[in-house]
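Thanks for coming. I'll take this one piece by piece, so please keep the structure open while I talk.

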Amino acid sequence: MLAFTAIAIIAMRNILSVIMLGGIYSLLSATFFVLLDAVDVAFTEAAVGAGISMVLFLSALAVTGKHQALTRKNHMIPIFVVLVTGAGLIYSTSDMPAFGDPNAPVHTHVAPRYIQQSGEEIGIPNIVTSVLASYRGFDTLGEVTVVFTALIAVLLLLGLNRGSRQDKS
């Protein structure tokens, strides 16, 4: 389903349709992360990919227009970069433990510590909250910083575009 959505995104020429399919892709990805028991990643993907990104793209679309101007450029270099990057990512997964492997490092070192000691170490009875807010607090702060920076950058770009339009009239 993810691959079908990605192919549909590539085939579309209407930017509004691409944005909508991008949101669907993010929701499908979030569902995939839930199936992998990565609920925090699924929540982030749903909030950022299907929520904030959609608002930013639709805001940019409101300023720029909904049809893509076709250009005749050589697309072989970007396709080559995408293929090499994809092959590298697929190759890097060969070193990962098998899905559900009880001997994986996450199941032997990290998870038992979170379950057994988070209440004493953090003082919060909810394990998920203690992991997101304390153990992975810098990770969460980094994610929030990236999203906030992207939002400010898009708003500045949209504001600059409006300023240049007003100068021309």
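I'll start with Arg136, which is partly exposed at a relative accessible area of 28%. Keep in mind throughout that this is a predicted model. Arg136 pairs with Asp139 in a salt bridge, and their closest N and O atoms are 2.5 Å apart. Asp139 is partly exposed too, at 33% relative accessibility.

How many salt bridges are there by this rule? The count is two.

Next, a residue on the inside. Ser130 sits in helix H6, residues 127-135. Is Ser130 buried or exposed? Ser130 is buried, because its relative accessible area is 0%, and the cut-off for buried is under 20%. Its side chain reaches the backbone oxygen of Ile127 at 2.7 Å. Setting aside neighbours within four places in sequence, the contacts of Ser130 are Ser118, Ile122, Ile124 and Tyr135.

Now the surface. Phe148 belongs to helix H7, which covers residues 137-168. With a relative accessible area of 52%, Phe148 is exposed, since the exposed class begins over 50%. Together with Leu151, Ile152, Leu155 and Leu156, Phe148 makes a nonpolar surface patch of about 460 Å². An α-helix has 3.6 residues a turn, so residues three or four places apart point the same way.

Last, helix H2. This helix runs over residues 15-35, which is 21 residues. From the first C-alpha to the last, H2 reaches 30 Å, close to the 30 Å expected at 1.5 Å a residue.

What caps the N-terminal end of H2? Asn14 does, with a side-chain oxygen 2.8 Å from the backbone nitrogen of Leu16. After H2 comes Asp37, which has a positive phi, near 65°.

Within H2, the buried residues are Ile19, Leu21, Gly23, Ser26, Ser29 and Ala30. Their cover includes helix H1, residues 2-11, and helix H3, residues 39-64.

Terms used:
Residues are numbered from 1 along each chain as its sequence is written. This is a predicted model: local features need pLDDT of at least 70, side-chain atom pairs count only at pLDDT 80 or more; totals for chains, interfaces and linings use all residues. Side-chain values use heavy atoms; hydrogens and water are left out. Patches are made of residues with over 30% relative accessible area and no salt bridge: like charges are joined within 9 Å, nonpolar side chains (Val, Leu, Ile, Met, Phe, Trp, Tyr) within 5 Å. Accessible areas come from the Shrake-Rupley method with a 1.4 Å probe; for residues, only the protein chains shown count as cover. A salt bridge is a side-chain nitrogen of Lys or Arg within 4 Å of a carboxyl oxygen of Asp or Glu. Helices (H or I, at least four residues) and strands (E, at least two) are DSSP runs, numbered from the N terminus. Buried means under 20% relative accessible area, exposed over 50%, partly exposed in between (1.4 Å probe, protein chains only). The expected span of a helix is 1.5 Å times one less than its number of residues. Contact means heavy atoms within 4.5 Å. A polar contact is a pair of N or O atoms within 3.5 Å; within protein, one must be able to donate a hydrogen and the other to accept it, and residues adjacent in sequence count only if both atoms are side-chain atoms.
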